[in-house]
Amino acid sequence: MKRFLAILLIGALMTALTACGGGNQQAEENPSGSSNQGKEISGDLTVFGWGGGEELQSRKEATKIFKKLYPKVKVHEVWLPADNIDVKLDAALAAGNAGDVIMMSPDWKGLRSKWFEDLNPYIERDQLDLEALFTQGVDGGYVDPDGKREGMPTTASDFMIAYNKDIFDKAGIAYPTNDWTWDDFAATAKQISSGEGANRVYGIVSHWILQSFAPFIYGGKPYNEDWTKQTLDDPNTLKGYQLFGDLVKAKAMPDDAAAKSMPMDQMFAAGKAAMYPLGLFEASTIAKNIGSNFKWGIVMPPKDPSGKTVNIKFQTGFAMNKDSKNKEAAWAYIKTVSLNKEVGDLYSKVNLPAAKESADGTFANLKIEGTDISMMDFITGLQDATTFPWGGSIAKAGDLYEQTWQQVTVQGKSAEEAAKAYTSQIQSALDSIHQSK
């Protein structure tokens, strides 16, 4: 009797395991399209994107994976250099030859919304649980305030603060931790700076991304949620700008002359600055430049007064041209390059993949090239990160925010003085966005 019950139990377990295996296979296939869908979808498909180096190569390899899954689709790829994409893309959209799928970023902030298909019906039809499928934080900004989904993410990158352990050790200062605040950051930068003239060691480099951090570090922001109103003159926003102005005055951050004396990545790699805002996209290059010069590590950017880590993210995804003649193939391509694990593993070599399975598996196990520094913090850092604030529709206003930053960090004006000179101009720039809709 016991033997009979044991056989029944084994049989039940085998049935359950088989069922689980089938479910997993379905889960793996459904996000990016099943093999049956691959056989059914056909026709021509034009992919329009940009980039260079290893990242572009990874996108081309992703297209090869799509071709394997959808062998009846004939794919035409148009890849442009990133520095002239705006002019060429707008011309192609106006001429009606921009392709079926178009590379895009949520930092465009509605700039080309009128050209893009709403992807919500496709997601609902395929019953995609995006919250479960996407890496946390990677999907922010792809849905407009009115609910339209303009695109699906493929990759993202964010920032850590890299620090020179040798400089910290020499100064007798404890390494920063993931719980530090921006007040801690400023105090550390001032305390660890030393030397004069050519021998000056700065607390933090004058990195271009700090201007994007400034409005947020004390809980402020540069404009409201639908970018109809500037908030530069908010006291918390001003406080963020002032922190960096004070760091320059304290010689804890290079002034304009010192910043022009050498590239900031080289300043850090040469041991002339204790801290550096390290973008994921440049991590391997910085690591190679540092080599064996000194010991270093990374830490999350500091927290704002509410306890939220302040970070900036750059995101890349794909949208569907609303005038596409082959929308099923376009949707299949977007799903593949967004959700397919093989593609996500491929992207992991150059950026943080949108596919959660790849981020939690392949990417999380990587280390910065040539070091024993884990990439895991970049995944955590993305969760609360803010989309790059100055792109697309905001670009004209963004130039004015940049001038405000220059007034504070180069001209030495107080943040309040600088804001008085620019708030009305910025508001006019924001107004012009909505008047042109």
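The side chains of Asp345 and Lys341 form a salt bridge with an N to O distance of 2.7 Å, a salt bridge being a side-chain nitrogen of Lys or Arg within 4 Å of a carboxyl oxygen of Asp or Glu. Both residues lie in helix α15 (residues 341-347), 4 residues apart, or about one turn of the helix; helices (H or I, at least four residues) and strands (E, at least two) are DSSP runs, numbered from the N terminus. Asp345 is partly exposed, at a relative accessible area of 21%, and Lys341 is likewise partly exposed, at 33%. Here buried means under 20% relative accessible area, exposed over 50%, and partly exposed in between (1.4 Å probe, protein chains only).

The structure is a predicted model, in which local features need pLDDT of at least 70 and side-chain atom pairs count only at pLDDT 80 or more, while totals for chains, interfaces and linings use all residues. Residues are numbered from 1 along each chain as its sequence is written, and side-chain values use heavy atoms, with hydrogens and water left out.

The whole structure contains 18 salt bridges. Among them, Glu225 and Lys221 are joined at 3.5 Å, N to O; Glu225 is exposed at 65% relative accessibility, and Lys221 is partly exposed at 34%. Arg125, Asp126, Glu328 and Lys335 are linked in a network of salt bridges.

An automatic or database domain assignment divides the protein into domain 1 (43-157 + 314-383) and domain 2 (158-312 + 390-435). Their C-alpha centres lie 29 Å apart. Contact (heavy atoms within 4.5 Å) involves 22 residues of domain 1 and 26 residues of domain 2. The two domains bury about 1,900 Å² between them, 72% of it on carbon and sulfur atoms; this is the accessible area (1.4 Å probe) that two parts lose on being put together, summed over both. Lys109, Phe314 and Phe378 supply 33% of the area that domain 1 buries against domain 2, more than any other three residues.

One salt bridge is found across the interface of domain 1 and domain 2. Glu369 forms a salt bridge with Lys288, the closest N and O atoms being 3.9 Å apart. Glu369 lies in the loop between α16 (356-360) and α17, and Lys288 in helix α13 (residues 283-290), 81 residues apart. Glu369 is partly exposed at 45%, whereas Lys288 is exposed at 57%.

In strand β8 (residues 296-299), Trp296 and Ile298 on one side and Gly297 and Val299 on the other are all buried.
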